[in-house]
Amino acid sequence: MLSIKKYAAIDIGSNAVRLLISNIIEQKGRPVQFKKNSLVRVPIRLGADVFVKGKISKENTQRILDTMLAFKLLMKSHKVVKYKACATSAMRESTNGKQIVDLVLEQSGISIDVIGGEEEAAIIAATDLNSYIDPNKTYLYVDVGGGSTEFTVFDQGKSVASKSFKIGTVRLLNDMVKNEAWQELREWIASNALGFDKISVIGSGGNINKIFKISGKSMGKPLSYFYMSSYYNKLQSYSYEERITELDLNQDRADVIIPAMRIYLSAMKWSGAKNIYVPKIGLADGVIKSIYFDTVSSNTQ
């Protein structure tokens, strides 16, 4: 017997807001399959408001409301049976974040769960990486966002350490990351990742996905530290406008891609990793899986 249901995850990040709709395919005697059906991304960049002024502007409040109403209609059209909406560091740190969460609930019926950095890291770490990683190897998983970056060390297929750092692309663009934060990250990597003989980085986030696509590599093949540092230097040699016109980057990607590469390269350098794997997964994928497994466990109790 084959059963296909649609679940959705809304990820309200510091750089963009995403709606991921996935098919949950269940067949007796086979493991459940999660298949991406649709992904909609709106670059609202809440972090540019919050990290500089401490609150989300009137304009972006309206954009969030419009986006949530649009997502509600899309989920209805897709016949989504379950969804979860999560907001990360920008909404978490905004002085009017709770007010906006209440407004969204009142106007669209969408309930937003504002999650902490450690919870964000845990959701991402719980994403099933078995199809992407070798269970006998060690990996440093790096999920770069606009407001924070989540780091998880996987050894023998299991998460052994996980931490969220307030080092994100939008913060870096606004020159809001102090040297102490980089030093803290370096020390965390030294104490949690350097004890292993050989380590590779797994990268997630829109920027590394774009870099991987540009590289032309086939899925499952890693990008080398040499490729990453060469491309980082290339990006820096172009102006913001040239990155849009000559490198064909979207305007909301053309600026944040450079700080994102700085984070990935720092993680590779400090952990001694020669390669970075890009499985195209992130918070929204983790949320979809958490909805499914929570549903399964509540049905079996």
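Colleague: At roughly what angle do the axes of helix H2 and helix H4 cross?
Modeller: In this predicted model, local features need pLDDT of at least 70, side-chain atom pairs count only at pLDDT 80 or more, and totals for chains, interfaces and linings use all residues. Residues are numbered from 1 along each chain as its sequence is written, and side-chain values use heavy atoms, without hydrogens or water. H2 covers residues 58–78 and H4 covers residues 97–108 (helices are DSSP runs of H or I, at least four residues, numbered from the N terminus). Their axes (lines fitted to C-alpha atoms over the stretch in contact, with angles from 0 to 180 degrees between N-to-C directions) come within 10 Å and cross at roughly 40 degrees.

Colleague: Are H2 and H4 parallel or oblique to each other?
Modeller: The axes of H2 and H4 cross at roughly 40 degrees. Under 35 degrees is roughly parallel, over 145 roughly antiparallel, 65 to 115 roughly perpendicular and the rest oblique. H2 and H4 are therefore oblique.

Colleague: Which residues in H4 meet H2?
Modeller: Contact means heavy atoms within 4.5 Å. H2 brings Thr61, Ile64, Leu65, Met68, Leu69 and Lys72. They meet, in H4, Ile100, Leu103, Val104, Gln107 and Ser108.

Colleague: How many residues of the contact of H2 with H4 are nonpolar?
Modeller: Ala, Val, Leu, Ile, Met, Phe, Trp, Tyr, Cys and Pro count as nonpolar, Asp, Glu, Lys and Arg as charged, and the others, Gly among them, as polar. In the contact of H2 with H4, 3 are polar and 1 is charged. The nonpolar residues number 7.

Colleague: How do helix H7 and helix H11 lie, and which residues of H11 make the contact?
Modeller: The axes of H7 (residues 179–192) and H11 (residues 257–271) come within 9 Å and cross at roughly 40 degrees. That makes H7 oblique to H11. From H7, the contact takes in Trp182, Leu185, Arg186 and Ile189. The residues of H11 are Arg262, Ile263, Ser266, Ala267, Trp270 and Ser271.

Colleague: How do the residues of the contact of H7 with H11 divide?
Modeller: Trp182 of H7 and Trp270 of H11 are among those in the contact. By class, the residues of the contact divide into 6 nonpolar, 2 polar and 2 charged.

Colleague: Is H8 roughly parallel or roughly perpendicular to H11?
Modeller: The axes of H8 and H11 are 9 Å apart, and the two pack at an angle of about 90 degrees. H8 is therefore, relative to H11, roughly perpendicular.

Colleague: Which residues in H11 meet H8?
Modeller: By class, the contact of H8 with H11 has 6 nonpolar, 1 polar and 1 charged residues. H8 brings Asn207, Ile208, Lys210 and Ile211. In H11 they meet Ile257, Ala260, Met261 and Tyr264.
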